[in-house]
Amino acid sequence: MASGGLLVGFNLFTACKPNVEPPVDISKLNFNDFNAFIKISDEGKVTIFSPNPEIGQGVKTSMPMLIAEELDVPWSDVHVAQGVLDTANYTRQVAGGSQSLRFGWEPLRQTGATARQMLVNAAAARWGVDPSECSASQGVITNGKGEQLGYGDVVKEAAVLEVPEGVTLKDPKNFTIIGQEISNVDIDEIITGKPLFGLDYTQEGMQYVSVLRPPAFGQTLVSFDDTNARSVNGVTDVLQFGNKVAVLATSTWAAMKGKKTLTANWQQESPAESTEMHDELLLGLLNGSTFETLRKDGDVKKAFAEADQVLERTYESPFLPHNCMEPMNFFANVTDSKIELVGPIQTPAGTAARIAQMLEREESEVSLEMTRMGGGFGRRLYGDFAMEAAEVSNLAKKPVKVVFSREDDMAAGIYRPAIKYRIAASIKDGKLTGYHLKEAAINNNMYGLIPNFFPAGALENYQVDVANYRSNITTGAWRAPYTNFLASAEQSFFDELAELMEVDRIQLHVDLLQNVKGTTDERIQYDPSRLEGVIHKVVEKSNWGKVPEEVYQGFAVYYCHNTHVAEVADIVLDNGLPVVKKVTCVVDCGIVVNPLGASNQVVGGVIDGIGHSMYGELTFNDGVPQSNNFNTYQLIRMDQTPQVDVHFIESDIAPTGLGEPTLPPVGGAVANAIYKATGKRLYKQPFMKNLDVQSVIG
Amino acid sequence: MPTFQLKINGKSQTVEVDNDTPLLWVLRDHIELVGTKFGCGIGQCGACTIHVDGVATRSCLLKVSDASEKEITTIEGLSEYGTHPVQVAWKDIDVPQCGYCQAGQIMTASALLKSNPSPNETEIRDAMRGNICRCASYNSIEKAVQVAATKLS
């Protein structure tokens with residue numbers, strides 16, 4: 001998968017090593033450890049390796065664009081290939097936190113620019129002129145006399161030259177690739193059904209594996225009977241590993257069928273939890289006093305005591321499964337000499353290391369090839385499925401691919417945990433004087449930067465407290481962890497607060513942001529001017545307040561993942577039920593590297609956010625997830641989808657990510673619009689379940 | 001195990017599998033046509049959509065024993081070089097994000113346009129509602145179906 005296809009490639013930085021003496025000293029390359037990115041063929045065609053995992057966020061297109069821009073080659077001459085796990089040559093090979101472009105922006109451009117300078121230096125040496133007399137553009141080097149050499153003509157000489165330092169990057173005004181609408185580099189393979197994904201990967205002799213896992217959280221395996229499974233055509237072996245049973249077969253269907261015929265006895269070792277129990281526990285935490293304080297400005301207690309009015313509201317969210325369209329799967333071939341891993345993973349380095357540790361092997365024995373992923377959303381940060389594959393391969397001494405059924409995928413999840421927020425604000429003489437946010441969460445609380453998001457810094461008295469309950473249900477990151485519900489809760493709260501204060505809800509935000517301008521508090525994460533910028537633009541682009549009377553608008557603004565976003569949801573009522581017709585979304589993510597991919601991320605985040613706010617919920621009873629497929633779990637579908645109108649703030653600031661930040665505020669925008677339409681405030685997700693339909697019909 | 005004669009993308013194929021094997025897994029594991037995707041196994045997500053005698057069909061619910069004598073078309077056989085108007089529209093609009101569901105979306109859309117070459121918005125939304133896109137590329141899918149319809153009519 002990492003091969004350069006048709007191209008007879010020449011790796012500028014590493015492939016020359018065996019052939020040339022002295023070898024290029026990679027340690028001298030000062031690209032923040034980035035180096036093995038570029039191959040150039042004799043014809044001047046370029047293969048660029050994309051270092052980070054592709055989960056649909058578009059980095060396999062946008063990261064190579066950064067290199068190609070500074071290398072200065074026509075995009076049509078570029079072939080992109082997925083880089084493999086290579087901790088020596090790549091840094092942060094992670095898909096998570098919307099950080100790939102932000103961290104790649106400087107080093108990837110420097111990689112391209114350094115390569116370009118080496119090509120220029122090689123051409124200059126051949127011509128016997130000074131490099132400063134030469135220029136490079138669009139894959140061609142030109143000297144003062146107008147003579148020209150292609151990159152392919154000099155690549156072999158260039159590759160062994162000393163690596164120049166301090167190369168000059170282009171002025172953004174001169175960008176020819178960055179800022180252009182570039183199609184997904186895998187588009188042809190996707191639309192023709194070529195093998196790209198982990199589930200498509202196969203090897204000679206590979207066994208398909210279906211795994212029986214505990215049906216309820218907190219259970220362990222006591223015994224199992226595999227008599228029937230072994231008689232299924234195609235089943236080759238049944239193995240217990242830890243608390244699980246693996247059925248190996250010559251086809252996926254045989255493995256799944258074999259698993260269904262297993263019978264097993266399980267023992268409940270820790271509490272069999274339920275949603276009812278979680279609700280009670282979390283509300284108990286909010287009512288209690290076992291909080292850890294993450295940020296404290298001034299004295300909220302005093303502000304509340306002196307207030308004319310206090311508004312306090314509690315917001316509740318359920319567990320959510322990730323439901324990547326491609327169910328979890330991974331290939332592993334563990335032999336005495338190596339551990340070969342192939343599949344969809346957001347954290348290749350961490351997963352390879354964990355597998356080496358689990359099998360008590362050296363990390364240097366592990367190779368990992370990342371496939372394109374049929375969605376990630378955080379689920380593929382956790383390499384549990386890859387570890388299963390490695391463990392089964394190690395026991396069976398065969399190449400295997402573990403494949404989750406949809407039921408396995410939803411019931412053996414690492415879920416977005418249920419979280420409840422209690423938010424209170426104090427008003428004195430018509431002014432907002434205090435803000436107190438409390439979080440009660442399953443397993444883990446918000447990470448440390450979040451208490452420094454808006455409205456931190458805008459109020460003299462401000463406090464964030466957190467408490468948690470340790471559950472045996474596995475939980476983890478889910479697209480925009482914590483903020484995916486917090487933004488909805490806070491932005492609903494601000495809407496209600498503005499109403500209570502009898503001030504304009506947009507002006508309330510703008511006024512608060514003025515307090516943050518020029519702050520010396522380095523903990524503050526957001527830029528108040530950029531938040532104000534997206535607010536003003538969304539007001540303009542959404543025709544805020546100027547829509548027909550049957551349209552109800554809700555506003556929300558939020559900062560997370562280094563990106564500033566404002567959204568307005570337009571809803572109408574259809575037989576009393578809210579229908580989201582349109583969302584206007586304004587985004588300030590700095591320079592927009594690829595407007596086509598960027599727009600896809602923005603739209604996807606907004607609709608994903610609406611879908612999960614309106615419909616998403618996983619409940620538990622006796623430790624068992626109560627949904628395990630799409631007949632009992634609702635994901636948003638096309639006929640429930642609004643049109644999303646996307647606007648970017650024009651900017652020359654370094655880019656930030658887009659995989660997550662448009663999702664969190666939209667729940668707030670929708671809740672606020674529903675309130676305008678129905679007079680009903682929504683405090684609990686999913687909205688469609690918790691909207692008292694009777695109260696809004698008619 | 002029984003043997004089945006299948007006609008897939010105009011080619012005759014012989015497979016030896018159990019009667020109850022869904023055509024999805026025959027395509028993926030036995031004929032190496034992996035463009036048809038597994039999503040749910042119960043006909044709810046549309047990732048495995050193929051054409052059976054020209055009709056959009058969930059291959060996860062179609063047993064191989066019921067697939068003989070039928071003209072089966074998968075994403076690989078929709079056009080020789082990816083030039084079906086629906087595929088071209090998908091490329092022009094740059095629809096995919098992760099891309100996993102898109103073969104199913106394209107197969108549903110191409111079957112729709114075959115039976116109804118100029119669908120209105122409601123008809124597109126109703127026809128496509130059986131195909132889940134977890135990345136929520138629905139706006140782009142809708143636009144691409146409209147673009148393909150314009151080209152076809």
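Two residues count as in contact here if their C-beta atoms, placed from the backbone, lie within 7 Å. Keep that in mind for what follows, and keep in mind too that this is a predicted model.

**The sheet in chain A**

Let's start with the open sheet: seven strands of chain A in the order β9-β10-β7-β17-β14-β15-β16, with mixed pairing. The edges belong to β9 (235-241) and β16 (366-370) of chain A; each has a single partner strand, so one side of each is left without a neighbour in the sheet. From one strand to the next, the twist averages 20°.

Further in, β7 (residues 207-212) and β17 (residues 400-403) of chain A pair in the parallel sense, over three bridges. If you want a spot to look at, A:Y208 stands opposite A:K401 in β17(A).

| Helix (chain A) | Strands it lies across (chain A) | Angle |
|---|---|---|
| α6 (residues 252-260) | β7, β9, β10 (244-249) and β17 | about 25° to β7(A) |
| α9 (residues 348-358) | β15 (339-343) and β16 | about 145° to β16(A) |

**A loop residue worth a click**

A:L196 sits in the loop between α4 (187-192) and β7 of chain A. Is A:L196 buried or exposed? It has 23 C-beta neighbours inside 10 Å, and the cut-off for buried is 20 or more, so A:L196 counts as buried. Leaving aside neighbours within four places in sequence, A:L196 is in contact with A:D186, A:E189, A:I190, A:T371 and A:R372. As for A:G343, it is 147 residues away from A:L196 along the chain, yet their C-alpha atoms are separated by 9.9 Å.

In soluble globular proteins, nonpolar side chains tend to be buried together. Here the largest nonpolar core has 254 residues, and the members touching the most others are A:L119, A:V209, A:L341, A:A386, A:A389 and A:V670. Helix α2 (residues 100-127) of chain A gives the most to this core, with eight residues. Not counting residues up to four places away in sequence, A:L119 touches A:A136, A:I141, A:Y151, A:V154, A:V155 and A:A158.

**Where the chains meet**

The contact between the chains takes 49 residues from chain A and 48 residues from chain B. On the chain B side, the elements giving two or more residues are α1 (23-30), α2 (85-93), α3 (102-115), α4 (121-128) and α5 (138-152) of chain B. The largest share, five residues, comes from α5(B). By class, that side of chain B has 23 nonpolar, 15 polar and 10 charged residues.

Definitions and conventions:
Residues are numbered from 1 along each chain as its sequence is written. Chains are lettered from A and ligands numbered from 1 in the order in which they are written. This is a predicted model: local features need pLDDT of at least 70, side-chain atom pairs count only at pLDDT 80 or more; totals for chains, interfaces and linings use all residues. Helices (H or I, at least four residues) and strands (E, at least two) are DSSP runs, numbered from the N terminus. Ala, Val, Leu, Ile, Met, Phe, Trp, Tyr, Cys and Pro count as nonpolar, Asp, Glu, Lys and Arg as charged, and the others, Gly among them, as polar. Two strands pair if DSSP finds at least two bridges between them. Axes are lines fitted to C-alpha atoms, for helices over the stretch in contact, and angles run from 0 to 180 degrees between N-to-C directions. A residue is buried if 20 or more other C-beta atoms lie within 10 Å of its own, exposed if 12 or fewer, and partly exposed in between; C-beta atoms are placed from the backbone. A nonpolar core is a set of buried Ala, Val, Leu, Ile, Met, Phe, Trp, Tyr and Cys residues joined through C-beta atoms within 7 Å.
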